[in-house]
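Me: I am new to this structure and would like to learn how to read its features. Please take them one at a time, with the general idea first.

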Amino acid sequence: MTLLQEFGQFIEGSYQTTFSTLTLHSARRALLDWHGALIAGADTEAASKLREAYVEELGVGHCSVAGTQKKAFSRAAAFMNGTISHIAEFDDIFRDGAYHPACPTISAAFALAESRNDSVEDLLAAIIIGYEVSTRISKVIQPSHYKYFHTTGTAGVFGSAAACSYLLKLNASQACDALATAGTFASGLQQAFRSDSMTKPMHPGHAAEVGLNAALTAKVGMTGTPDLLEGDAGFGAALCENPRWEELLEGLGSRWNIEQMTFKNHGCCGHNFPAIDAISHLLNDHPIDIEQIKKIRVGAYKATNDVCRYVHPKTPFEAKFSLTYTVSARIILGRVRERAFLETALNNPKIYAMEDKVELSVDPECAAKFPLHRSAKVEIEMNDGSVYAHHQYTRHGDPDEPLTDQELVDKFHELAEPRIGLQLAQTISGEVLGGRGLSVRSLAKLWSKMSY
């Protein structure tokens with residue numbers, strides 16, 4: 001059998017799977033985190049322009065779209081929510097694959113589940129399956145894939161297709177067709193987020209729509225290419241060097257990658273996180289007078305230097321991809337959440353001055369451990385010559401240093417409350433993390449009341 005045929009059998013077999021309490025709770029954490037990212041992105045300029053561009057698609061269908069009370073058909077809702085939930089840069093990460101699975105996977109599955117009036121329990125199971133298939137693919141194509149491609153747009157198509165295949169209860173052959181059809185539309189170039197444009201969030205939006213469309217077409221008998229992953233002119237040959245296909249199916253069904261997710265503690269590119277966490281460690285553990293800081297040296301892995309390269313950023317987008325800015329914002333503001341990307345922060349002279357003290361370089365040890373470990377070495381040199389140093393081996397929020405449920409809820413409330421109010425935010429977090437028997441339509445009604 002081909003790799004996608006194996007995945008097709010896995011998906012069909014999963015209909016009889018009883019997931020553990022831990023696995024289901026991990027899916028609930030992912031669903032809550034997606035809601036926070038979705039709500040945070042809904043009132044942005046990019047989201048407004050997107051809804052304007054899709055004006056003919058709004059006002060029909062049964063699926064909710066963040067930021068408007070008008071409904072859409074499932075494909076349009078998947079695209080828009082997949083895009084909107086990636087705008088604010090608060091969505092989850094599968095570290096080993098340099099991949100954000102929630103935006104494509106949950107956005108597609110949520111739209112389909114809402115159109116069918118499925119239960120939240122059905123949605124959670126679909127999320128688990130979508131995460132499993134796509135994270136496995138994302139892992140074995142790294143690190144070469146990430147040189148040119150945005151994994152969330154590429155591997156994301158398999159997450160959305162697998163999740164939607166689960167909801168539609170496709171048989172093994174149909175599920176293989178869905179994955180194969182989705183895979184040929186995989187796209188998303190890194191150049192799209194090396195400048196201040198609104199394109200990057202559209203990558204997971206496209207992936208969500210592609211996967212949903214692939215599952216729907218497979219259900220009615222449209223076929224795909226079974227060896228799309230490993231074929232001579234397939235996904236692996238075109239999009240990476242030496243994919244480790246022999247690892248792809250190891251332990252499939254015996255462990256679940258959704259239990260190994262990273263949830264962002266900061267509102268910026270994840271490559272900044274180790275350095276921000278190292279700064280936090282040093283400021284918390286030592287009596288550092290920030291007015292007496294002379295120099296800050298950051299040694300990181302190459303992707304940090306390549307992607308987070310802006311200095312003195314002029315826009316929120318540039319700031320989220322600026323190591324010098326985010327480190328400085330943590331020192332001056334105390335945390336790197338939404339407030340760090342307001343105009344007042346971007347024009348803060350103290351942050352600007354602190355940026356000039358930051359030196360970023362590639363550290364060989366950190367570089368060698370990427371992508372399995374996201375680390376940074378930070379030294380703070382003081383005016384009196386004293387030096388405080390810390391090696392941050394992982395990010396706070398990674399599987400080996402996870403956010404607690406309470407930290408995750410606090411993050412959700414910080415994002416949601418200013419937009420939907422305390423009471424509604426409490427209802428959503430309570431229902432997502434602990435609710436039972438709720439339909440996806442009922443859950444969608446809670447946040448679809450917001451309109452911008």
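Me: Which side chains meet in a salt bridge with 2.7 Å from N to O?

Reply: Side chains of opposite charge can pair when their charged atoms come close. A salt bridge here is a side-chain nitrogen of Lys or Arg within 4 Å of a carboxyl oxygen of Asp or Glu. In this predicted model, Glu 414 and Arg 337 form such a bridge, at 2.7 Å from N to O. Glu 414 belongs to helix H19 (residues 405-420), while Arg 337 sits in the loop between helix H15 (323-333) and helix H16 (343-346), so the pair ties together parts that are 77 residues apart in sequence. Helices (H or I, at least four residues) and strands (E, at least two) are DSSP runs, numbered from the N terminus.

Me: Is Arg 337 buried or exposed?

Reply: Buried means under 20% relative accessible area, exposed over 50%, and partly exposed in between (1.4 Å probe, protein chains only). Arg 337 has 6% and is buried, whereas Glu 414, with 28%, is partly exposed.

Me: Which residues do salt bridges that share partners join into one network?

Reply: The network consists of Arg 95, Asp 96, Lys 139, Arg 395, Asp 398 and Asp 400. Within it, Arg 95 pairs with Asp 96, and their closest N and O atoms are 3.8 Å apart. Both Arg 95 and Asp 96 are buried.

Me: How many salt bridges does a search of the whole structure find?

Reply: The search finds 27. Another of them joins Arg 244 to Glu 247, with 3.2 Å between the closest N and O atoms. Arg 244 is partly exposed at 24% relative accessibility, and Glu 247 is partly exposed at 29%.

Me: What is Glu 318 in contact with, leaving aside its neighbours within four places in sequence?

Reply: Contact means heavy atoms within 4.5 Å. By that rule Glu 318 touches Asp 196, Tyr 310 and Pro 313, its neighbours within four places in sequence being left aside. Glu 318 lies in helix H14 (residues 316-320) and counts as buried, at 16% relative accessibility.

Me: Which residue has a phi near 60°?

Reply: Asn 117 has that phi, a positive value in a residue other than glycine. Asn 117 is in the loop between helix H5 (102-116) and H6, and is partly exposed at 39%. Lys 169 has a positive phi as well, near 55°, in the loop between helix H8 (156-168) and helix H9 (172-183).

Me: How many helices and strands does the chain have?

Reply: The chain has 21 helices and six strands. Of its 452 residues, 61% count as buried.

Me: What should I know about the numbering and the cut-offs?

Reply: Residues are numbered from 1 along each chain as its sequence is written. Local features need pLDDT of at least 70 and side-chain atom pairs count only at pLDDT 80 or more, while totals for chains, interfaces and linings use all residues; side-chain values use heavy atoms, with hydrogens and water left out.
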